Structures are given as C-alpha cells and as structure tokens.
Amino acid sequence: MSGAGAPTLTVDGHGLRVVVVAASWHTTVMDGLVAGARRALEEAGVEDVTLVRVPGSFELPVAARAAALSGADAVVALGVVIRGGTPHFEYVCQAATSGLTDVSTATGVPVGFGVLTCDDEQQALDRAGLPGSREDKGAEAAQAAVATVVALRALAPGARR
Ligand code: DLZ
C-alpha cells in the first residue's frame, strides 16, 4: 500500500474533544507521529487534546475504548510495529487493527488509524512526519478522525439533509 491517492482533507474541529492514544515502541518514529497528529489537530482548530501513552500497539484498543467511553468526540490511535523474525508482528498488527475497528464501530466514536506496520525502521521513518519523511501518517490519522466526526453529523437525528 502506498500513500498515493490520499485525499486532501479540510477539517474544522472547533469545539471537539480529541484523545490521542499512542504506543511507546520505536521512540523516534512515535515522536514524529505524535507531533504530526498534534499539528494537524491544532490546524483544524481542536483545542481540547489529551495524549495517553500505552506500552505497545497491542494496548491501543483498550485505551481507545476507554477514551471513546470517556466522552471524546474522536480518538487518534498511533503506533509503530516493525516486522521481526517471528509471527509476533502479525499478532500485534491484527490485534491493533481489528481491536481499533471494533472500538469505533461499537462506540460510534471515530478512531483515526495511525498505526504503521513496516518491514523495517526506514519505512517507518519515511512515514513519520519527521524532517526528510515523505509522509505524515500521524497528521493523516488526526485529520481522518476529525473529518469523520464532521461526516457523521449529517446522520445525527434532526440533521438537515
Ligand atoms: C512485543 C512487541 C514487539 C516484538 N514489537 C512491537 C512493535 O514493533 N511495536 C509495538 O507497538 N509493540 C511491540 N511489541 C509490544 C506489544 O505491542 C505489547 O505491548 C506487548 O506484547 C505487551 O502486551
């Protein structure tokens, strides 16, 4: 999968409460993802941002669920999983992906998916929104979460169609 075809989202997040849940493995890449998400949320006008750190990407779903149930309008989930020599990679990726999907569909709170699943650290650095990176997946996940909140408003009871 490449970043080609990604939309340019113009999002208005004024008045929203957003929780960023972030894993802690691969510090440099994670710092880039968190900074990118914060930047995008600020650009969108989101003033209420809470950052919650968890140990690894496996722990993201339970934190995202708690954030959603706490009344957040949107959650941004950030992590980096790098392939090693064991099946652990698949298990952690699968748990994070399906777990975060379940949280968003079960709670109705949009979860931006900013979990990088990479073959090596260089691939992750290229997507981390750091100086020299080609992509900024933390920012993209934050924009997607806010844009989905706005999109879902059209479906709220009493919304004008
Ligand atoms: C155990 C593990 C490994 C091998 N690799 C990563 C990784 O690349 N990225 C990541 O976010 N977490 C990793 N973890 C930790 C698991 O996500 C989890 O925190 C532990 O299995 C403890 O539940």
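An oxygen atom of the ligand lies 3.4 Å from a polar backbone atom of G56, a polar contact being a pair of N or O atoms within 3.5 Å. Taken alone, the ligand exposes 480 Å², and the protein buries 71% of that (Shrake-Rupley areas with a 1.4 Å probe). The model is predicted, so local features need pLDDT of at least 70 and side-chain atom pairs count only at pLDDT 80 or more, while totals for chains, interfaces and linings use all residues. Residues are numbered from 1 along each chain as its sequence is written, and side-chain values use heavy atoms, with hydrogens and water left out.

- The side chain of H26 has an N or O atom 2.9 Å from an oxygen atom of the ligand.
- A polar backbone atom of I82 is 3.2 Å from an oxygen atom of the ligand.

**Shell around the ligand**
- The residues around the ligand include W25, H26, G56, S57, F58 and E59, where a residue is near a molecule if one of its heavy atoms lies within 4 Å of it.
- V80, V81, I82, H88 and V92 are also among the residues around the ligand.
- By class, the shell holds six nonpolar, four polar and one charged residues; Asp, Glu, Lys and Arg count as charged, and Gly is among the polar ones.
- β3 (74-82) and α3 (88-107) each supply at least two shell residues, with helices (H or I, at least four residues) and strands (E, at least two) taken as DSSP runs.
- β3 gives the most to this shell, with three residues.

**The pocket**
- The ligand sits in the second largest pocket, meaning that more than half of its atoms lie within 2 Å of the pocket's grid points.
- A pocket is an open set of points on a 1 Å grid over the protein atoms alone, where a 1.4 Å probe fits, with protein on both sides within 12 Å along at least five of seven lines.
- The volume of this second largest pocket is about 290 Å³, the space filled by probe spheres set on the points.
- Its lining has 14 residues, and W25, V81, I82, H88 and V92 lie nearest the centre; lining residues have an atom within 4 Å of a point.
- Seven nonpolar, six polar and one charged residues make up the lining.

Terms used. Polar contact = N/O pair within 3.5 Å; in protein donor to acceptor, adjacent residues only side chain to side chain.
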